[in-house]
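Please walk me through this structure, with the cut-offs stated along the way.

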Amino acid sequence: MAIERVVSGMRPTGSLHLGHYNGVLKNWVDLQHELECLFFVADWHALTTHYDAPEIIEKNVTSMVIDWLAAGVDPANATIFIQSKVPEHAELHTLLSMITPLSWLERVPTYKDQQEKLSSKDLSTYGFLGYPLLQSADILIYRATQVPVGEDQVPHIEFTREVARRFNHLYGKEKGFEERAEEAIKKLGTKKGQLYKELKDAYQEEGDDQALASAQSLIDEQQILSLGDKERLLGYLEGGGKIILIEPEYKLTPASKMVGLDGQKMSKSYNNTIALTESSEDIQKKIRTMPTDPARIRKTDPGDPKNCPVWPLHQVYSDEKTKVWVESGCKNASMGCIECKQPVIDSITKELGPINERAKKYAESPELVQSIIGEGCEKARKIARDTMRDVREVMGISF
Ligand code: TRP
Ligand code: SF4
């Protein structure tokens, strides 16, 4: 059976903030202990929208890796690398582009959405249209089975599945597949061969799943068959050929409840973030100056946490006791907003303290970071090269 392998990437278009930490990064850190994981900086993807701002990408590639490491992504448990340092992604992207209908790309919902959202930029480029296909190459090249992403990325994973299916359909049939499968049936002997054919027909003609399962276990049990013959007979049952590229599943990242300093979703484009590497002075300053319930003009005016952007931060960072204290203190005006904000300041400072320290250490040893990235790239390339060997072979270009 195929091993479970996780692949995910992030675009280096800005520094990471608490929203990324509470949503994506904590999830990556957990996954790395359960499954084989590869995490990469998607610098080519960043260029599809930031082709006019290479300095942003340049600045954020290494600092993004540092933030990952500081947040607990561990190079001993996960392979960390940079997309553009594994050029096989680009080769696979080119080869997949040969078989990808233009209409599939045009109908990916993020294409028009993003063009409209980022209307200040000209995104009617070849590269931007191909964004989801480049993402498919990122995933398929590692034969990943699971891709942790946010909800907005689901159409890209579904698109990837379609591309993989089309690829396998076009190239998964080895020459003489049917003759070879028939030869393999003969090796089963008369009785078992007959049984195999009956079960195959029952499945293919009547959709009998039970028959499919019986036939599969019949093949599994045959010790005289070579692995290649087993694979052929299993493929023949379902009418298909070999699986060269694996169809991945998406694994939804738990929704981050993180709200920004203004009560909207925390996001760089709203300018309402707390960075992962924010200093404790800045954390304090940012939270102290946060707007509160507008009804509380004076300390003696009662308010309601429901109308206050600080309240969602208490939801994430405070225990029950503190939350009860906030509700009553706010509603009966027995405490001021600065006092109410202090526990949030304390919790965030406590959470980010160790992350900050680790980030500083990594930032002070660029050689260490370079060697982590270098090793990650090498490891990733090994897998990518293996896949490309198979892909080139079935596409007729392995001279
Ligand atoms: N498009 C993804 C995003 O914006 C980033 C990405 C690029 C990615 N390649 C990937 C995510 C491969 C998962 C797998 O978040
Ligand atoms: Fe918001 Fe707390 Fe002030 Fe109430 S007391 S308005 S919850 S900051």
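How many salt bridges does the rule find across the interface of domain 1 and domain 3? The rule finds one, where a salt bridge is a side-chain nitrogen of Lys or Arg within 4 Å of a carboxyl oxygen of Asp or Glu. E351 pairs with K26 in a salt bridge, with 3.5 Å between the closest N and O atoms.

This is a predicted model: local features need pLDDT of at least 70, side-chain atom pairs count only at pLDDT 80 or more, and totals for chains, interfaces and linings use all residues. Residues are numbered from 1 along each chain as its sequence is written, and side-chain values use heavy atoms, without hydrogens and water.

The chain splits into domain 1 (5–172 + 246–256 + 366–394), domain 2 (177–237) and domain 3 (277–363); the bounds come from an automatic or database domain assignment. The contact (heavy atoms within 4.5 Å) between domain 1 and domain 3 takes 14 residues from domain 1 and 10 residues from domain 3. The centres of these two domains, taken over C-alpha atoms, are 35 Å apart.

About 970 Å² is buried between domain 1 and domain 3, and carbon and sulfur atoms give 66% of that. Buried area is the accessible area (1.4 Å probe) that two parts lose on being put together, summed over both. L18, I66 and A70 supply 45% of what domain 1 buries against domain 3, more than any other three residues.

Technical notes. Chains lettered and ligands numbered in written order.
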